[in-house]
Amino acid sequence: MTDNMPQFFQELFHLETSDCLTFLFYFIGAFILVNIASVIGGLATYAERKISADMQLRIGPNRVGPYGLLQFLADGAKMLMKENIMPLMADRFLFNIAPMLCLVGIFATLAVLPISGNLTLAHLDVGVFYVVAISSLVGLGIFLGGYASNSKWSLLGGMRGASQIISYEIPVVISILSIVLLSGGTSFKTIVHHQGGLPHEWFVLHNPFTFIAFIVYFIGSLAEANRAPFDLPEAESELVSGYHTEYTGMKFAFFALAEYVEVFVLCGVGATLFLGGFNVPFGLDTFLSKTPFPLLAEVVQLGAFFTKTFALYYLVIVIRWTLPRLRVDQLMSLCWKYLTPIALFNLIGTAIWMVYFHDQSIVEIIKAAGSHAGGGH
Amino acid sequence: MENPQVLADSSQGLSVFMPILILMVLGVVIFWGAVLVAGLIRPSKPSKLKQTAYECGELPVGQAWSHFNIRFYVTGLIFIIFDVESALMFPAASVFKKLNSIGLGGLALIEILLFVMILVAGIAYCWSKGDLDWVKSLSSKEK
Amino acid sequence: MLVVAIEKERTFEKVAIVSFLTILFILSALLMLVSCLALLLTKNIMHACTFLLAALLGVAGLYLTLHADTLAVTQVLVYVGGVVILMLFAVVLTGGQDQESITKEKFPHLAPLFGSKSTFLKAFLVSMIFFVAAASLLRLGEKEIVHVVAVNYAPTIQSLGQLLMTDYLFAFELVSVLLLGALIGAALIARPMKK
C-alpha cells in the first residue's frame with residue numbers, strides 16, 4: 001500500500017513527483033468524490049422511497065427514468081426552480097450560512113473516508129478523531145438554521161436537534177474509543193489492517209464488548225443524523241418541519257443532501273470500524289495487486305466497502321419505516337441513562353479483555369483451546 | 001543586510017491535509033454556485049404573506065422564544081465535560097495496544113479505569129440528583 | 001493556480017515559493033483575522049458567536065501549520081463542537097439575541113478602551129500599535145537572521161498518548177478530577193432553587 005493517493009497514481013502512470021501534480025490529483029479526486037457522494041445522497045432518497053413503498057405494499061416512484069431511478073434528478077431540478085423565500089424577521093446572514101455549515105462539515109469528512117486502500121483521499125493518522133470532530137459542524141448548522149428562521153417551530157426544532165446531536169455524540173465516541181483500543185491507533189488504515197476479510201476476523205465479532213459497542217454506535221449514529229426513530233427535530237407531525245420549516249429551494253436541498261450524505265458517512269465509518277472496511281475475503285485484493293492491473297484490487301476493495309456500507313444504509317432505512325418516533329424525554333434518557341453507561345462499560349470491558357486475553361478474538365481463543373486440547377498440533 | 005536563508009519546504013508530509021482544505025473550499029463554492037444559479041432561474045415575487053413565519057395557517061403570535069428551558073443548557077454542560085474527557089482519551093487509547101504488548105497492559109488499564117471511574121462518579125451524581133431528567137417529575141417534589 | 005513552476009537547469013536548490021504550508025497559513029490567518037475583526041465590529045451577538053466559530057476554526061488551521069494535528073482536531077472537537085454551541089444556547093435561553101445595544105456608541109465593544117473623554121489615552125495607544133508594527137516590519141533590534149531548520153511532518157497522537165500515560169500520568173488523572181469538579185459545580189448552579 002503506497003503512502004497516499006497521488007503517489008499511487010504517479011506510480012501507476014509512471015510520472016515524476018511534483019507539487020503541481022499532487023494538487024491536481026487531489027483536486028480531481030475530491031471533485032469526483034463530491035459528485036459521487038451527492039449522487040449517493042440523491043439515490044438514497046430514491047432508495048428510501050422505493051424501500052418504504054415496498055414495505056407498505058406500494059410501488060413508489062417509477063415514472064422518471066427506468067424504474068424511477070432518475071427521480072432524484074427531477075427533485076433536484078424542481079428545488080432549483082423554487083422561489084427563495086426568506087421570512088421577514090429572519091436573520092439574513094445566519095439564514096444563508098446555516099446550510100453551508102452543514103454542507104462543509106459533511107464534505108470535510110469525505111476526505112478521510114476509507115473507501116479503498118489507495119484511493120482514499122487523505123490517510124490521516126488522526127482519522128477517526130478527525131471525523132468525530134468535524135461532524136459537529138452539522139449540529140451547529142442545524143441550530144443556526146433553526147434560530148435564524150425566527151419561527152417558534154424552527155427554534156424549538158433547532159434547539160432539540162442540537163442538544164440531541166451533542167448528547168448522542170458521547171456514546172458514539174466512546175464506542176469508537178473501544179475500537180481504537182483494540183486496533184492501537186486512530187488511523188483508518190491501522191483499523192482496517194487489523195481486521196480481515198472474513199466475518200470472524202471483523203472487530204464486531206472480536207469480543208462481546210465490541211459487539212455491544214457496534215449496537216450502541218449504530219443507535220447513536222441514527223440519532224446523530226436525525227433519522228427516525230430519533231427525527232424529532234424534523235418531525236413532520238409535530239413541528240411542521242422543525243429547523244428547516246422556513247427554508248425553500250436550494251438551501252433546503254442542501255440541508256436534505258447534507259443529512260443523507262451524513263448517514264452515508266456514518267454507515268461508512270461503522271462499516272470500517274466494525275465490519276472490516278474495505279477488506280476483501282480470501283485475500284483477493286493482495287492477489288490482484290500483484291497482477292499487471294493493480295487498479296482491479298482497488299475496484300474489489302471499493303466493492304467490499306460499498307457493499308457493507310449500503311447494507312447498513314438499508315438497515316437504517318428499514319428502521320425508519322418500522323419504529324415509531326421517540327419522545328424528547330425518552331430520547332434524552334436513552335442517551336444519558338442507557339447508552340452512555342453501556343458504552344463506558346464496553347470501553348472498560350474491552351480494555352480488560354485485551355489485557356487478560358492478549359488481544360485475541362473469541363475465534364482465536366477457541367481455536368487455540370481446540371488445538372491445545374488436541375495435543376498442541 | 002544579507003538575504004535571510006530561504007525556508008525549505010517543510011510540508012512534505014503536511015500535504016496529506018490538502019484534500020480536506022480542497023473539500024471545504026469545494027463545499028463553499030458549490031453552495032454559493034448553486035444558490036447563484038438558482039437565483040437566475042427561479043421566480044422572485046416576495047409578498048407580505050409569504051414572508052411571515054408558518055404556524056399551521058394561523059397568524060404568528062408573539063416573539064419566537066419566550067420560555068426559559070434550562071435543561072438544554074444542562075445537557076450542553078454535561079456534554080462538554082464528556083467531550084473533553086473523550087478528547088483526552090483518544091491519545092491514551094491509541095497507545096494502549098502498544099503498552100499492552102510490552103507488558104504494561106495492567107498499569108495502562110488501571111490508569112484508564114481511574115480516569116473513567118472518576119467521571120462515572122460524576123454522571124452518577126448528576127443522575128441521582130435528577131439533572132439528567134428532561135422533565136422534572138412532579139411526584140418527586142411531593143415526596 | 002498559484003504553484004509556480006521551478007526551473008530545473010539552475011543549480012540552486014529547489015524552492016517552492018507557494019507550498020501547501022504557505023497556503024494553509026495564509027487561509028487560516030485570514031479566516032481568523034477577518035472573523036475576529038467582524039466579531040469586534042458587529043452589534044448582533046449571535047453573529048458574534050458565529051464569527052467566534054470561524055475564528056476558532058482559523059486557530060485550528062494555524063495549529064496544523066505548526067504540525068500539531070492532534071491539537072488542531074482537539075480544538076475543533078472541544079471548542080467548535082462544544083463551547084460555541086454552549087454559548088449559543090446560553091444566548092438564546094436568556095433572550096440575549098433580542099437585546100439592543102445599550103450604548104449609543106458606534107463600536108460598543110471598544111467603548112471602555114476608547115471612552116469619549118480620554119483623547120490622550122486614545123492617541124497613546126494608537127501610536128504604540130503603530131510603533132510596534134513598524135519596528136517588527138523594519139526588524140529593528142534583531143541581531144542576526146534566524147536560520148530555520150526544516151522539519152518533516154510527523155503525526156503526534158501516538159507520542160502524545162505515550163507521554164500522557166507515562167510521564168504526565170498524574171496530570172492526566174488530575175484532569176479527570178478537575179472535570180468532575182466542573183461537572184458537579186455546573187450541575188449545582190444550574191439546579192432550580194428549592195423554594
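Colleague: Which residues have the most contacts inside the largest nonpolar core?

Modeller: A nonpolar core is a set of buried Ala, Val, Leu, Ile, Met, Phe, Trp, Tyr and Cys residues joined through C-beta atoms within 7 Å. Buried means that 20 or more other C-beta atoms, placed from the backbone, lie within 10 Å of a residue's own. In this predicted model, local features need pLDDT of at least 70 and side-chain atom pairs count only at pLDDT 80 or more, while totals for chains, interfaces and linings use all residues. Residues are numbered from 1 along each chain as its sequence is written, and chains are lettered from A in the order in which they are written. Here the largest core has 195 residues, with Cys102(A), Ile176(A), Leu23(B), Leu56(C) and Val84(C) having the most contacts inside it.

Colleague: Which helix gives the largest share of this core?

Modeller: Helices are DSSP runs (H or I, at least four residues), numbered from the N terminus. In this core, α7(A) gives the largest share, 18 residues.

Colleague: What does Ile176(A) touch?

Modeller: Contact means C-beta atoms, placed from the backbone, within 7 Å. Leaving out residues up to four places away in sequence, Ile176(A) touches Val128(A), Val132(A), Tyr217(A) and Leu273(A).

Colleague: How do I read two packed helices?

Modeller: Look at the angle between their axes and the distance between the axes. Axes are lines fitted to C-alpha atoms over the stretch in contact, and angles run from 0 to 180 degrees between N-to-C directions. Helix α3 (residues 71–80) of chain A packs against α10(A) at about 140°, with axes 7 Å apart. That makes α3(A) oblique to α10(A), as angles under 35 degrees count as roughly parallel, over 145 as roughly antiparallel, 65 to 115 as roughly perpendicular and the rest as oblique. Gly76(A), Met79(A) and Leu80(A) of α3(A) meet Gly249(A), Met250(A), Phe252(A) and Ala253(A) of α10(A).

Definitions and conventions: A residue is buried if 20 or more other C-beta atoms lie within 10 Å of its own, exposed if 12 or fewer, and partly exposed in between; C-beta atoms are placed from the backbone. Helices (H or I, at least four residues) and strands (E, at least two) are DSSP runs, numbered from the N terminus. Two residues are in contact if their C-beta atoms, placed from the backbone, lie within 7 Å.
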